[in-house]
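Open your viewer and get the selection tool ready. Could you walk me through what to pick and what is found there?

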4 protein chains.
Amino acid sequence: MANPVKTAISRLYPDRILVRGYNLVEMAGRYSFGDTFYLLITGELPTGHEGDLLEAMMVMSVEHSLNAPSTHTARAVANCGVPLQSAVAAGISAIGEHHGGAGEACARLLQETLQESPDEDVKRMAAGLVAQFQAAGRRLPGFGHRFHDPDPRARRLLSLAQEWGIVGAHVALARAIEEALQASTGRSLPMNVDGAQAALLSDMGVDWHYAKSVFILGRSAGLVAHAVEEMTTGKPFRFIAPVQAEYIGPAERPLPSGTATIEAEEKNL
Amino acid sequence: MANPVKTAISRLYPDRILVRGYNLVEMAGRYSFGDTFYLLITGELPTGHEGDLLEAMMVMSVEHSLNAPSTHTARAVANCGVPLQSAVAAGISAIGEHHGGAGEACARLLQETLQESPDEDVKRMAAGLVAQFQAAGRRLPGFGHRFHDPDPRARRLLSLAQEWGIVGAHVALARAIEEALQASTGRSLPMNVDGAQAALLSDMGVDWHYAKSVFILGRSAGLVAHAVEEMTTGKPFRFIAPVQAEYIGPAERPLPSGTATIEAEEKNL
Amino acid sequence: MANPVKTAISRLYPDRILVRGYNLVEMAGRYSFGDTFYLLITGELPTGHEGDLLEAMMVMSVEHSLNAPSTHTARAVANCGVPLQSAVAAGISAIGEHHGGAGEACARLLQETLQESPDEDVKRMAAGLVAQFQAAGRRLPGFGHRFHDPDPRARRLLSLAQEWGIVGAHVALARAIEEALQASTGRSLPMNVDGAQAALLSDMGVDWHYAKSVFILGRSAGLVAHAVEEMTTGKPFRFIAPVQAEYIGPAERPLPSGTATIEAEEKNL
Amino acid sequence: MANPVKTAISRLYPDRILVRGYNLVEMAGRYSFGDTFYLLITGELPTGHEGDLLEAMMVMSVEHSLNAPSTHTARAVANCGVPLQSAVAAGISAIGEHHGGAGEACARLLQETLQESPDEDVKRMAAGLVAQFQAAGRRLPGFGHRFHDPDPRARRLLSLAQEWGIVGAHVALARAIEEALQASTGRSLPMNVDGAQAALLSDMGVDWHYAKSVFILGRSAGLVAHAVEEMTTGKPFRFIAPVQAEYIGPAERPLPSGTATIEAEEKNL
């Protein structure tokens, strides 16, 4: 009675699994998780550093400690005596319109604006958007941050994207919005991590319906760590307070990579 | 009233986010998502190819179409008019004892067996485990597969790990179990993807509590793709049948990497 | 750092739990679950049969077998080796805009329409709504049903409400919409169970934000039954098909209450 | 390919929905939600006050404010900009082994103990269980409470059940356990609400697999109230602290029922 679902994603055989036509078994070890995710959501493998940029976005999203409702929720549920997947699922279910959702809203805005009037001047478009949101008394999603000001994650992602040649019309529009916001409010409201990801995903050709997913995947890694830490060290049925976690891990330490600092790297761009 | 949570995972500052002491903002672009996940769940960055192997495991886990209850569930929920994170969360909540859970059970078994009697002969250990499970009328988790026989994903992961020098006592025990199962049942019941991941995670020093998480992270990528496909192409409130999906994507195609086939690569090991 | 949540719902003491000022311990056994739910969502105990009508709505919502995505999902998850609450939670997460969501949309429409122009003629309002939805190419939520035509649940709930004196302006508007739809489309599109619940909840003074909750609570009872049936009788990791379940329970049987049939009861109204 | 699910729960027709053979449409308004839930989980309608007792249990479970992780979680998720069902689902997913799970464990213990040795002396059984748990260093689930000492909900449910003639061998065993705990520890550790529900559900013939469900259903009513309160009054993306909620609702007030106090009622038993 139920008709079979039509899907363009994958096909199974006993000896192989095809994703968008490619054999997953052969991909593993040669293509990164970021490459594979790019294939899943755009239909094609990256031709440049798109997979690397997706991974950089995921890395940037893994942790925000108990300041993040997703992490707070996963930990509160993990404390109640449930299996790992339940805690992770509850944490993901908190990634809503007000938490990680700015990326989706921003990507949609950038993509629809550019699709509607591809030839318009980018500064005019930006001024129009800012005026429109101010008239409606709404904040433009993806700009400004209550804790990180400016958001170092946004700056770094944009810098990597420039290095890798993945910067296009959507980033240009987002930059123009930054300027229009500055002109209109007198305040600096630079892209936050959600805004930068939205602009960069758009420039990589990722449809806005997927924009939230990079945050979902990246954050899941942190949720796993918090859930297991809670399950193995937390007293059962205690109360999990948000925000004021006490850090008991290793002190700040330099990366072992021995490479130049980001500042030095960026100077060479 | 609620005491602050003690956590060794991360610490926030306005200009940086430390994970296990390292600055996440500097890690992005230099360390892969697999490296970062390894840091999250073991406390240290990889010294070899551990992060690459974690990524290979995630890549192998992304898709099993509507044959997987996680995917089937995510798609059924996505059809009901909910936001993306709800569909992904529901799919993850299906990764239970009988679906993706064999990896956790197998990793625990391997780790506890080796911890209890580190000096015992591996063949004796394996024979003991097989006898014990047969006496209890239970299947050993991580061996044999109803659809993939043998499981090409297991073979490939083990081959990559060998190439990368990540094969130790837990894989040896798992191999010995394969032989003991063959001797005892007369059937070939090789490691499936869950079993291979369990043994390899254990040889990388990952605690069994995290064993299921590689599958959770990898599969989430596929859940995202299916959820968005359903939300953008499926008629609302239709019935989502499992298993018999109709594939309408690209025909099988070779990877563009131009590298030698896996078979050729493996010959050179 | 996190300010305490302000709540008007409940307050705890070692020897009692106050809900909206009343002692829950004293309520149990004297007030029904429906009465208590009415107190929770309106702030006051029922003065008439409101609690009974909420219970009738919940009873009507408990089951729609595997034709309902919520039930299908709960059962698919229950099959994967998870605890009961995981299966129920996954099922509830499917109660979205396209499944059980028509009640919320309909209640909002009825409440906002009547609040905006309380003195307008109800037929004019109804004709306006129908014209507006037709112009937008959208279906009016809460009218017509793909399987039940007409929906016997709607008819029965409306009949009970009339008997209990809970029928007001929102039901009148919904009735006028039925007539306007008939006049405009030439088809009979009577209120379905979602539409009837939306109109009746509105006439009981329940804010539309809660409209979906009666279905959530009622359906959860059925989800529990299906999840446990699956956990105790289903082969682990099988495939759960929607719709075509095979019924193996008791044959149709009359209620033992020995009362007159509904038809006879209704004749006496 | 997927075989149809066999179910004894319900069957659909365009003009009626049969649950365990009875027409749901005729049941609504005549049978309570508690009666209907009893039918769902035991296969038969109550012959006495079983449905009333199930409702009393649900009423007792609706609220424990932000002291309950389920409520805390639902509220934290509701704050993130998600639909109602997501917040309720996340809250339910927290009802694990350490939160509301004692009822399941206690019901299983009571049922299995009585099934294994139905003719043994109840005091001997109780002493054996207490000794066995003490030897294992574990707490007996369902006895004692960290906040309510004694738990007024347990006392009231047991009193109602006695009034309604629903007290049998499982309550007797639970009473004997109370005495054995007192004798063994020197402390009073009376049944808490989980323990009382476990014993009473068992005496009503409800299988232990369903024991947690009464709490799930009852608590969902409170989760709905908290989720909507948060969605309509909470500032988006704030932090939700557990425990120390500030109550701003009505002051304590007597029930309008005008009946005698519980104490007076109970004197007449």
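This is a predicted model: local features need pLDDT of at least 70, side-chain atom pairs count only at pLDDT 80 or more; totals for chains, interfaces and linings use all residues.

**Stop 1: chains A and B**

Select chain A and chain B and colour them separately. Here 107 residues of chain A touch 107 residues of chain B. The area buried between these two chains is about 9,400 Å², and carbon and sulfur atoms give 68% of that area. Between chain A and chain B there are four salt bridges.

**Stop 2: chains C and D**

How many residues does each chain bring to the contact? Chain D gives 107 residues and chain C gives 107 residues. Together chain D and chain C bury about 9,400 Å², with 68% of it on carbon and sulfur atoms. The interface of chain D and chain C holds four salt bridges. Zoom in on C:R16 and D:E252, a salt bridge whose closest N and O atoms lie 2.8 Å apart.

**Stop 3: a salt bridge inside chain A**

Side chains of opposite charge can pair when their charged atoms come close. Over all chains, the count comes to 36 salt bridges.

**Stop 4: two helices in chain B**

Two packed helices are described by the angle between their axes and the distance between the axes. Select residues 102–116 of chain B, helix α6, and residues 193–203 of chain B, helix α10. Their axes come within 8 Å and cross at roughly 45°. The helices α6(B) and α10(B) are therefore oblique to each other, and their crossing is right-handed.

Now show the side chains where these helices meet:

- From α6(B), pick B:A102, B:G103, B:C106, B:A107, B:L110 and B:Q111.
- From α10(B), pick B:D194, B:G195, B:A198, B:A199 and B:S202.

If you colour this contact of α6(B) with α10(B) by class, you will find six nonpolar, four polar and one charged residues.

Key:
Residues are numbered from 1 along each chain as its sequence is written. Chains are lettered from A and ligands numbered from 1 in the order in which they are written. Side-chain values use heavy atoms; hydrogens and water are left out. Axes are lines fitted to C-alpha atoms, for helices over the stretch in contact, and angles run from 0 to 180 degrees between N-to-C directions. Helices (H or I, at least four residues) and strands (E, at least two) are DSSP runs, numbered from the N terminus. Angles under 35 degrees count as roughly parallel, over 145 as roughly antiparallel, 65 to 115 as roughly perpendicular and the rest as oblique. A crossing is left-handed if the near helix is turned anticlockwise from the far one by less than a right angle, and right-handed if clockwise. Contact means heavy atoms within 4.5 Å. Ala, Val, Leu, Ile, Met, Phe, Trp, Tyr, Cys and Pro count as nonpolar, Asp, Glu, Lys and Arg as charged, and the others, Gly among them, as polar. Buried area is the accessible area (1.4 Å probe) that two parts lose on being put together, summed over both. A salt bridge is a side-chain nitrogen of Lys or Arg within 4 Å of a carboxyl oxygen of Asp or Glu.
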